[in-house]
Amino acid sequence: MNEKEYSEYVQGRAKKSPILKNCAFAFLFGGLICTIGQALNDLYTYFGFEKEISGTLVSITLIFIACLLTGIGVFDNIAKIAGAGTLVPITGFANAVASQAVDTKSEGYIMGVGAKIFTIAGPVILYATLSGAIYGVIYYIITLIGG
Amino acid sequence: MEQGIIKLKREPKIISSYSVVGNKEHSGPLGELFDEYCQDDKFGKDSWEKSESEMQRRALCGAIKKSGLIDTELDVLLAGDLLNQCVGSNYSITNFDIPYLGLYGACSTCAEGLAIGACLYSGGIINSCGVMTSSHYCSSERQFRFPLEYGGQRTPTAQWTATGAGAFILGDEGRIKISEALFGKAIDKGISDVNNMGAAMAPAAIDTIKRYFLQSNHSPEDFDLIITGDLGYEGSEILKDLLLGYGVDIRKNHTDCGLMLFDRERQDVHAGASGCGCSAVVMSADIIPNLEKGVLKDVLFIGTGALMSPMSLYQGGTIPAVAHLVRLRSE
């Protein structure tokens, strides 16, 4: 059996992740987080904050909750079931940063937390900024052409 | 025979063994059999790497105490773990007065250490030695995968790194002897999925087991148990299936340390356990006592290790694996 045949054999027999179940839970948990976000938004608006400020406060609140749940060791237990439901919203990003901070504390605040806090979130930050810049250039060119 | 089975002329005995595990392992099917466990997996230390070293220190202390020897009577200590530069062992052995040889064989370290120790003993170079290895879920997870609190999902073929340390003392006394050893070759069948280590390691186990039965006059039925460590569910199934193609049927008496340590369903560990500590503590807590009691008389133990590093994985590398075999017999 050569490498290719073995690889096909292995992939053919390996049990697949339960995609339907994972999608259903991701939908439910993702939806729940968005509903909480909307409720918070309404709450902040009710307290008289402007629309934009309310949006920012919602993000801050969700990040705070995600970081807190990461810190007390609950987030990963929820995410195990929720999957993309907790990963895709801002909560996933907060968890990626906070979990790394908790983990690297033993190497100190400089070379540990300081240097490694963005190990997981770093690629997202870099390429999100980069694609944002590229999008901006394209948008600028289109507006030039379109008048 | 070249590259053949090493038949030990002077057979070392396993004088004693000692196992130390974490809480999850203690809650598993073998829970009561372990010598020592720690409720919070920290073993009183402030970092997971130090916890792993402390776990090793306790295991070796226990094994030496059980053997009735003192550390200065041991000619050499063969030890290793999964951490970079084997620091788990490097720090734990500073507590002892024993010459030290560091090993890296990933999850095969227990079998590798027993095989090397047995060969040194058989050659008359040493009269006693210690073999020790460990793995810690928390230190391995952060080195090889993600931070502990990272919210991700595992695939069904993923294995759970065991928190445990096992130590063995080899020498002149005891009922269990190591009679044969066969060193494995590094085999790479192109698997690069770190969540399917069983598939990466199975070809190495197949090669070693196939060579053993080809070169010896034995058939699998001659043994009470053929135990691999740690292929988990996926790797074990591949091993049994593909060995059958070579005319070696081990389905009746095969088991795997990775399948014994946890209750796969209840403890949510997917394909089973892995890590150097897994085979070490299962051998120490279950197989060796059964050999001592005479419940088992002739056992083939094949330790399998996946030899990748985090760096090689980032570079898209495949996972080479190795499997070392030792034959344990009780008198």
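Colleague: Is B:Asp268 buried or exposed?

Modeller: This is a predicted model, in which local features need pLDDT of at least 70, side-chain atom pairs count only at pLDDT 80 or more, and totals for chains, interfaces and linings use all residues. Residues are numbered from 1 along each chain as its sequence is written, while chains are lettered from A and ligands numbered from 1 in the order in which they are written. A residue is called buried if 20 or more other C-beta atoms, placed from the backbone, lie within 10 Å of its own, exposed if 12 or fewer do, and partly exposed in between. Because 12 other C-beta atoms lie within 10 Å of B:Asp268, this residue is exposed.

Colleague: Which loop holds B:Cys86, and how many other C-beta atoms lie within 10 Å of B:Cys86?

Modeller: B:Cys86, although not a glycine, has a positive phi of about 55 degrees, and its loop runs between strand E4 (76-81) and helix H3 (87-92) of chain B. B:Cys86 counts as partly exposed because the number of other C-beta atoms within 10 Å is 19.

Colleague: Is B:Thr304 buried or exposed, and which residues does B:Thr304 touch?

Modeller: B:Thr304 belongs to strand E13 (residues 298-306) of chain B, and because 35 other C-beta atoms lie within 10 Å, B:Thr304 is buried. B:Gly184, 120 residues away in sequence, is 8.9 Å from B:Thr304 in space, C-alpha to C-alpha. Two residues are in contact if their C-beta atoms, placed from the backbone, lie within 7 Å. Leaving aside residues up to four places away in sequence, the residues that B:Thr304 touches include B:Cys107, B:Met201, B:Gly229, B:Asp230 and B:Ala323.

Colleague: Why does the radius of gyration of chain B agree with that of a compact globule?

Modeller: The radius is taken over C-alpha atoms, and the globule rule is 2.2 Å times the number of residues to the power 0.38. Chain B holds 10 helices and 14 strands, and 58% of its 331 residues are buried. For 331 residues a compact globule would come near 20 Å, which agrees with the value of chain B, 18 Å.

Colleague: What radius of gyration does chain A have?

Modeller: Chain A has eight helices and zero strands, and of its 147 residues 20% count as buried. Along its principal axes the C-alpha trace spans about 65 × 50 × 40 Å. A compact globule of 147 residues would be near 15 Å, but chain A has 21 Å.

Colleague: How are H2(A) and H3(A) set to each other?

Modeller: Helix H2 (residues 19-46) and helix H3 (residues 51-71) of chain A pack with their axes 9 Å apart and at an angle of about 135 degrees. Axes are lines fitted to C-alpha atoms, for helices over the stretch in contact, and angles run from 0 to 180 degrees between N-to-C directions. Angles under 35 degrees count as roughly parallel, over 145 as roughly antiparallel, 65 to 115 as roughly perpendicular and the rest as oblique. H2(A) and H3(A) are therefore oblique.

Colleague: Which helix gives the largest share of the side of chain A that touches chain B?

Modeller: In this interface 27 residues of chain A are in contact with 19 residues of chain B. The elements giving two or more residues to that side of chain A are helix H1 (3-13), helix H4 (75-82), helix H5 (84-87) and helix H6 (90-104) of chain A. The largest share, seven residues, comes from H6(A).

How values were computed: Helices (H or I, at least four residues) and strands (E, at least two) are DSSP runs, numbered from the N terminus.
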